[in-house]
Amino acid sequence: MIITHNLRAMNSQRQLSIVSGTVSKTSEKLSSGYKINRAADDAAGLSISEKMRKQIRGLTKATENAEDGISMVQTADGALNEVHDMLQRMNELCVQAANGTNSISDRLNIQDEVSQLITEIDRVAETTKFNEINLLDGSIAKPGRNAYTTAINNRKLEAIKDKYDKDKKNFLLTGLNGAYAGKQLSLDELAELDGTKLLYTINYDFSTIPTGNQVSPTDGLNQALKTKADALIPVLQNSIVPQAVQSLLAAYPDTFGYLNGSSIGIGLTMYEDPNSSVLASAGLSFGGSDTLGFNLSVNMATLSDPMTKASRDDLEVTIVHEMMHTLMYEALTNGMTGNVNGEFQKDTFPQWFIEGMAQTAAGGCYHGNDWVAGLGISSSSTEADIINAINRAPLTQSGSGGASDYGTGYLASMYLGYMAAGGNSVKEADMKRGLDTILNDIKKGESLDDVVKKYTGKPLKSFQKEFATMGASFVKDLMNEVQDGTGGVATGSYNVNTLNNANPDNILSDNNVTGAALQLFQLSGTDQWIFNKYPADQMPIYNGGTATNGKGYSDGPLEIAANKRATGFGSALHVGADADMTNKVHVYIDAMDAESLGVDKVDVRTVDFASISIERVALAIAQVSAQRSELGAYQNRLEHTVNNLGNIVENTTAAESQIRDTDMAKEMVKYSNANILQQAGQSMLAQTNQSNQGVLSLIAS
């Protein structure tokens with residue numbers, strides 16, 4: 001028996017140590033789930049596994065990047081959906097405004113909504129962000145694409161405008177008087193003619209038919225009303241309207257003389273409204289920097305059938321009044337429309353001046369519709385009576401269209417003309433000269449406030465308050481001169497006595513205009529505006545002072561505004577695990593503000609502007625549609641990218657799992673085997689250690 005070296009015990013110990021190591025490693029693999037817990041477990045496998053882990057984690061983050069990109073694209077698309085809706089509404093408004101039945105106030109109201117839509121498009125473009133990144137302001141636009149789109153759209157707009165202008169020139173005009181009576185001319189041929197031309201269009205507005213004191217809808221054109229209108233139209237075209245124009249040009253030569261040699265377009269709209277006492281009214285439409293168009297609407301329900309002298313006098317005075325409005329629009333556009341820095345209804349003349357000046361030209365209607373008589377003023381009135389009467393209907397800055405504007409406004413306007421002529425005479429010739437001076441001062445750029453101060457020494461508002469007292473003596477002299485009537489300096493009826501003769505003259509002659517001094521034409525077709533066009537050496541419109549500031553304004557011709565150039569470089573979405581540029585998905589979103597879309601200059605204040613604006617908005621809708629289509633393509637691509645990345649991550653994870661993850665079944669068997677061997681080894685080690693105990697017993701014995 002050898003006891004120095006217990007080899008059996010040493011062998012048992014060594015085997016037990018090996019088995020214990022196996023148990024430890026197997027237990028580690030089972031508890032961690034990995035068969036590679038340290039480099040020593042599988043050096044090559046660890047290297048391969050870590051490369052795969054890098055790819056898996058990179059691709060997982062790339063998936064999140066792509067999903068974030070989808071969210072960004074969806075945010076932009078949602079905002080552009082609203083822009084689309086606004087452009088569609090803008091298109092509706094442009095189409096509505098292009099219709100010739102709208103008055104200037106209608107188009108101004110439409111323009112208000114258009115302007116708000118333009119502002120909102122700009123706000124959406126400015127504020128649409130994703131993670132504080134501006135999406136629609138051009139920050140991530142494709143370089144140069146805005147410029148290219150602009151160039152293409154501008155060429156399209158120019159082509160549309162050229163065609164539109166060419167189509168307008170193809171309209172044919174039929175001569176109504178003089179050498180061209182019965183002959184047809186094109187607008188180009190008309191432009192070669194010398195002299196002043198009056199161009200008519202005819203429109204029938206009989207959407208209702210009178211039934212007693214009510215009106216009921218009717219389909220189509222009411223032939224009975226059309227027949228009645230057709231009988232009146234030649235009288236208006238050949239006699240009343242041209243004589244009204246001629247009388248105004250003659251009465252105010254300094255103010256309106258520049259219209260001699262021009263083409264003046266007048267649309268005649270015939271309608272019948274038995275519930276209205278309006279005889280006629282004039283509407284206005286703009287057609288560019290040097291063009292205006294007017295529409296004269298005549299209510300046949302107010303006229304006797306057949307027309308009596310009294311009824312015709314009423315109509316003649318009213319049309320002179322309305323044509324005075326149109327010529328004031330021609331020369332004094334700012335003050336009539338309130339055009340300040342291109343925005344309308346900001347600083348108009350007071351209503352009393354607008355209506356009062358028209359009354360000075362036309363005079364009262366001497367058959368029970370005399371506004372001055374309605375004030376209770378006559379030649380027998382004392383100055384105290386006059387002061388009291390005017391104070392009952394005083395001048396105001398913002399009138400209501402009643403006696404203050406028509407009656408007191410007439411007296412105040414006449415007073416201004418009286419003072420401008422020297423304040424010495426109420427004779428017709430002197431009053432004409434003074435009124436022409438007032439209008440011409442304003443046409444040259446002075447404000448009404450300036451003019452009132454110049455001739456009365458009072459600011460406008462003070463004059464309005466103090467006119468009753470200031471003008472009482474003048475009014476009394478005027479009433480004596482016009483024999484209690486309201487004298488009109490352009491109608492040939494300044495003195496009412498001329499109407500009371502045994503064979504009274506008409507306010508305007510019954511004779512047709514037949515000479516060449518004023519050539520008359522009618523446009524073929526209906527619902528068309530003809531805009532007044534002035535020779536190049538004559539003054540443009542949009543001049544003349546406003547109520548207070550007296551500044552002229554020149555609105556340039558129809559221009560095709562260039563779109564804003566964007567300078568962004570897109571947004572690169574990284575959708576891969578490597579630095580390769582093929583892993584970049586570039587998303588480009590062009591600037592979508594109003595200027596970049598070309599709608600910041602959408603103008604519907606005229607038929608022509610509105611018509612061109614329809615095409616401008618159509619191009620903007622196409623531009624937004626193209627951008628949204630591109631965004632949809634991005635989203636579809638990114639969704640495919642997400643799916644592909646998920647597939648790669650799944651398969652790479654499976655491969656990495658084969659290398660790194662524990663085969664639990666195999667390791668459990670191995671662990672059980674090693675555990676049994678460990679217990680056996682411990683038993684054997686104990687037994688080998690017991691064999692040496694025999695030696696101790698021999699020694700002890």
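Predicted model: local features only at pLDDT ≥ 70, side-chain atom pairs only at ≥ 80, totals over all residues.

Visitor: Okay, at what angle do α12 and α17 pack?

Guide: Helix α12, which covers residues 383–392, packs with helix α17, residues 472–481, at an angle of about 105 degrees, and their axes are 9 Å apart. Angles of 65 to 115 degrees count as roughly perpendicular, so α12 is described as roughly perpendicular to α17.

Visitor: And which residues make the contact?

Guide: From α12 the contact uses E383, I386, I387 and I390, while α17 contributes A472, S473, V475 and K476.

Visitor: Which residues of α12 are buried?

Guide: In α12, the residues I386, A389 and I390 are buried. Looking down the axis of α12, you would find its buried residues within an arc of 95 degrees, so they line one face of the helix.

Visitor: What do those buried residues pack against?

Guide: The buried residues of α12 pack against α11 (371–375), α13 (403–420), α16 (460–470) and α17.

Visitor: Switching topic, how many aromatic pairs are there?

Guide: A search of the whole structure finds 11 aromatic pairs. One of them joins Y415 and F463 in a stacked arrangement, with 6.2 Å centre to centre and 15 degrees between the planes. Because Y415 lies in helix α13 and F463 in helix α16, this pair ties together parts that are 48 residues apart in sequence.

Visitor: Are Y415 and F463 buried or exposed?

Guide: Y415 is buried, with a relative accessible area of 8%, and F463 counts as buried too, at 0% relative accessibility.

Visitor: What kind of pair do Y415 and F474 form?

Guide: Y415 and F474 form an edge-to-face pair, in which the rings are 5.5 Å centre to centre and there are 65 degrees between the planes. Since Y415 lies in helix α13 and F474 in helix α17, the pair ties together parts that are 59 residues apart in sequence. F474 counts as buried, at 4% relative accessibility.

Methods. Residues numbered from 1 in each chain as written. Heavy atoms only, no water. Axes fitted to C-alpha atoms, helices over the stretch in contact; angles between N-to-C directions. Helix = DSSP H or I, 4+ residues; strand = E, 2+ residues; numbered from the N terminus. Parallel < 35°, antiparallel > 145°, perpendicular 65-115°, else oblique. Contact = heavy atoms within 4.5 Å. Buried < 20%, exposed > 50% of the residue type's maximum accessible area, 1.4 Å probe, protein only. Arc of directions from axis to C-beta. Phe/Tyr/Trp six-rings, centres within 6.5 Å; stacked < 30°, edge-to-face > 60°.
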